[in-house]
Amino acid sequence: MKMMFRAVIAFLMAVLCIAPCGISAAGKTTEASIGTDIETERLFIQVNDPIDDSVFTKKGQTVELVIMDYGKPEQTKNILFGCSNGEVVHITGSEVRHAVIETGSMPLEGDALCIGLEAKNNGTADLRIQTADQAEEILIHMTVNDNLYAVSSITFDQEEIKIEPEQTATITYTIKPETASNKTVEWKSDHPEIATVSNGVVTGVREGTAVITGTTADGGFTDTCKVTVKAKKVLEKITLSDDVINLLPGKSSQLKASLVPADAENVNLAWTSSNTAVATVSADGKVTAVKEGSAVITVKNTIDGKSASCQVNVVKKIAATPVDMFRLYNKNSGEHFYTANQGECDTLVAAGWIYEGIGWTAPSKSHTPVYRLYNKFGGEHHYTVRAKERDALVKAGWTDEGIGWYSDDEQTAPVYREYNPNARANNHNYTPSVKEHNALISYGWNDEGIGWYALAQGKPAVKVASLGRGNSPFFIKVNRIANTVTIYAKDADGRYTTAYKALVCSCGISAHRTPLQNFVTGQKLRWHALIHSVYGQYCTRFAGNSKYRDILFHSVPYKKNGDPSSLKYDEYNKLGDNASAGCVRLCVRDAKWIYDFVPQGTSIVVYEDSNPGPLGKPSAIKINTSSPNRGWDPTDPDPKNPWN
């Protein structure tokens, strides 16, 4: 009954906020917090389920105080108590019971007053506890703040996760503050058919992307992580850039390994040679020939054993002669074209291609052919020493035009290969010029390494001051003193500035000088009667000047009309000197060239100068007058020509 009475008194004091028992203060007051046990000279308070820093961090949180007056144990049951603000901290009840309290020195045993406290609303309150005789009291300060440990953010440690189907990965994260009381996170995938999530563990379902969102239960803060589900790229096969390569001793070639698929995973390539005495191979596939013989170079994926091989033949050098490689440019398509065939070069220049000179000098034969291919859809040519590349292009619809020329097995002068990734066609260039190569790379072309090797670098076309413009692809100047004909071609601007070809000739003797006049090419005659009952092949008339109607380009005279075996060989040996009756004599090859390639209406200028011209004066061929073949022009392409 007494205990119930004290509880009622305490409850009333808490509600009315009055000092316990109507006494305003005790003889001695000690202020404390509710976070730890409290001890004074008379009182000892044990805090069960203590809270940090005297702060209740959530509503409904409870604490029990076990109080003893160990100075006067018999008065413990009469201890007075009350709360200053029951709306903040509510006294849930009190009772006296036997208790054992562990103190720092020795345990206390006996009756104890037990008080229950419960946080109700945010705010502050004081709990006053007095001895029955009011000699001593403890004032306990309390705070309720359910926002003190509220979540302020969540941050994922991963912005993106990449996994395979059926593979799992865990999203780790940080919630702030660290003291947050409720760290529960709700998880969601925007595409569960691609990736699912449970308690932060992500599982790949099928290829694709999904976004995983984590939301805190406290405050609704979120963060996201992109999940990419992609099946592992398994290596299907390895291919090499070459199946067979031929090398001279001491020379090298770079083999390139290609993976299928290109982004295959779990790949570790190792290179080996079957006979290192013949050929060795570096860790990156560079093959070096040692001595004559054969070896097999193998590249192998050490993880799954897949491999590819190339046969290396170490060979002797083939004797060869130098061959000029002509370089031409089509300003309409942008293609650079290369050929060792003079006739093909002439045909293209006559068709309007720009002659750019000798690109390089190639050997007439070697162990390494350069293949030439044509794309009829893109109107472009491609060149490669790799048979596998040739075969792949043929399979794709390109036309195999055979061997264009040969690469130098001595590897004297590299010819670089560049690729323009921005061009839809005609996107390759080939040059022995390091300056040109570096310039193209600086403009954004891709460096594709060395395409093949030349004997020597070439020479650019010889340029002269402009001779004007015209409809013909050519402009002809005849030097009647130096007995030289120089053919000029157009540049990219349509001006005659390129000295293209020089021909040795015989102009008129002093009694019949070739006239210093301007003409144009006119009528063409396969065979034509000349003065003194002789005949000429491949005749092209000088026209455009009514005063001079019988001037021709023609071959050295023949005795019989239509008979190429009746050459006046004594006159042939005068080529290079003045010998005609006013016409311009040429060997059959050169007369035929004008006949075939120079259209009617082409300008001709006859002049005289001791300087033969920008290309000099070619040497004339001399015929052995005692030879049974003397009746034939050695340059005549007639299949019956015994000189051929």
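**Exercise 1.** Are Phe-156 and Trp-187 buried or exposed?

*Solution.* Keep in mind that this is a predicted model. Phe-156 is buried, and Trp-187 is buried too.

**Exercise 2.** Which strand in the predicted model holds Tyr-500, and which helix holds Trp-593? Classify the geometry of their rings.

*Solution.* 
- Step 1. Locate the residues. Tyr-500 lies in strand E42 (residues 496-504), and Trp-593 lies in helix H6 (residues 588-597).
- Step 2. Take the ring geometry. The centres are 6.3 Å apart, with 40° between the planes. Stacked pairs need planes under 30 degrees apart and edge-to-face pairs over 60, so the remaining class is tilted. Tyr-500 and Trp-593 are a tilted pair.
- Step 3. Check the span. The two residues are 93 residues apart in sequence, so the pair ties together separate parts.
- Step 4. Check burial. The cut-off for buried is under 20% relative accessible area. Tyr-500 has 8%, so Tyr-500 counts as buried. Trp-593 has 6%, so Trp-593 counts as buried.

**Exercise 3.** Describe the salt bridge between Glu-344 and Arg-372.

*Solution.* 
- Step 1. Read the distance. The side chains meet at 2.6 Å, N to O.
- Step 2. Glu-344 is in helix H2 (residues 342-350) and Arg-372 is in strand E32 (residues 369-375). They are 28 residues apart, and the pair links distant parts of the chain.
- Step 3. Glu-344, at 23% relative accessibility, is partly exposed. Arg-372, at 13%, is buried.

**Exercise 4.** How many salt bridges does the structure hold? Name the members of one network.

*Solution.* 
- Step 1. The structure holds 28 salt bridges.
- Step 2. Arg-42, Asp-69, Lys-72 and Asp-133 are joined in a network of such bridges.

**Exercise 5.** Which charged residue lies over the face of Tyr-607, and which sits over the ring of Tyr-538?

*Solution.* 
- Step 1. Lys-477 lies over Tyr-607, at 4.6 Å from the ring centre.
- Step 2. Arg-526 places its charged end over Tyr-538, 3.9 Å from the ring centre.

Definitions and conventions: Residues numbered from 1 in each chain as written. Predicted model: local features only at pLDDT ≥ 70, side-chain atom pairs only at ≥ 80, totals over all residues. Heavy atoms only, no water. Salt bridge = Lys/Arg side-chain N within 4 Å of Asp/Glu carboxyl O. Helix = DSSP H or I, 4+ residues; strand = E, 2+ residues; numbered from the N terminus. Buried < 20%, exposed > 50% of the residue type's maximum accessible area, 1.4 Å probe, protein only. Phe/Tyr/Trp six-rings, centres within 6.5 Å; stacked < 30°, edge-to-face > 60°. Lys NZ or Arg CZ within 6 Å of the ring centre and 35° of its normal.
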